[in-house]
Amino acid sequence: PKRTSAQNAALHAALTDISKQVTWHGQKFSPIVWKRLCMASWLREKKEQPMLIPALDGNGFDVIFEKTSELDVERCSELLEWCYAFGAENDVKFSAGNMVAMSCR
């Protein structure tokens, strides 16, 4: 089955906490950008490379990967765990109740 609504809420809460507290290479990013950064890094860690394709307009490259809405329960739990670990490594204080989906496998 696809991710649960509790997992979706926890993922977005975690990404919001990360976006508010982490400055990456001198920049702050929105939760949407953090979702893409975390998803791409998690996939690389799992040896499931996101696709890097030359842009259609010839300006740089585009990164293509699975949408988080398409994740099943287990993969969403793994991504959440990855986000929490990244946050812990970067001193993120997660909101109360944010980690509820950890047990939603």
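**Burial, bridges and rings**

Biologist: Why is R75 called buried?

Modeller: In this predicted model, R75 has a relative accessible area of 18%. Buried means under 20%. The value falls under that cut-off, so R75 counts as buried.

Biologist: What makes R75 and E66 a salt bridge?

Modeller: Their closest N and O atoms are 2.9 Å apart. The cut-off is within 4 Å. The pair therefore qualifies as a salt bridge.

Biologist: Why is E66 called partly exposed?

Modeller: Its relative accessible area is 30%. Buried needs under 20%, exposed needs over 50%. The value of E66 lies in between, so the residue is partly exposed.

Biologist: How do you know that E48 and K46 meet in a salt bridge?

Modeller: The N to O distance is 4.0 Å. The rule asks for within 4 Å, and the E48 and K46 pair is counted as a salt bridge. E48 has a relative accessible area of 30%, and K46 has 30%.

Biologist: How many salt bridges does the structure hold?

Modeller: Five. One of them links K2 and E70, with the closest N and O atoms 3.2 Å apart.

Biologist: What makes the K2 and E70 pair a tie between parts of the chain?

Modeller: K2 lies in the segment before α1. E70 lies in the loop between β2 (61–64) and α3 (73–89). The pair therefore ties together parts that are 68 residues apart in sequence. E70 is partly exposed, at 41% relative accessible area.

Biologist: Now the rings. How many aromatic pairs are there?

Modeller: Six. Among them is the pair of W24 and W34, which is edge-to-face.

Biologist: Why is the W24 and W34 pair called edge-to-face?

Modeller: The centres are 6.4 Å apart, and pairing needs them within 6.5 Å. The planes are 75 degrees apart. W24 lies in the loop between α1 (5–21) and α2 (31–45), and W34 in helix α2, so the pair ties together parts that are ten residues apart in sequence.

Biologist: Is W34 buried or exposed?

Modeller: Buried. Its relative accessibility is 2%, and the limit is under 20%. W24 has 35%. That is between 20% and 50%, so W24 is partly exposed.

Biologist: Which residues form one aromatic cluster with W24 and W34?

Modeller: F29, W82 and F86.

Notes:
Residues numbered from 1 in each chain as written. Predicted model: local features only at pLDDT ≥ 70, side-chain atom pairs only at ≥ 80, totals over all residues. Heavy atoms only, no water. Phe/Tyr/Trp six-rings, centres within 6.5 Å; stacked < 30°, edge-to-face > 60°. Helix = DSSP H or I, 4+ residues; strand = E, 2+ residues; numbered from the N terminus. Buried < 20%, exposed > 50% of the residue type's maximum accessible area, 1.4 Å probe, protein only. Salt bridge = Lys/Arg side-chain N within 4 Å of Asp/Glu carboxyl O.
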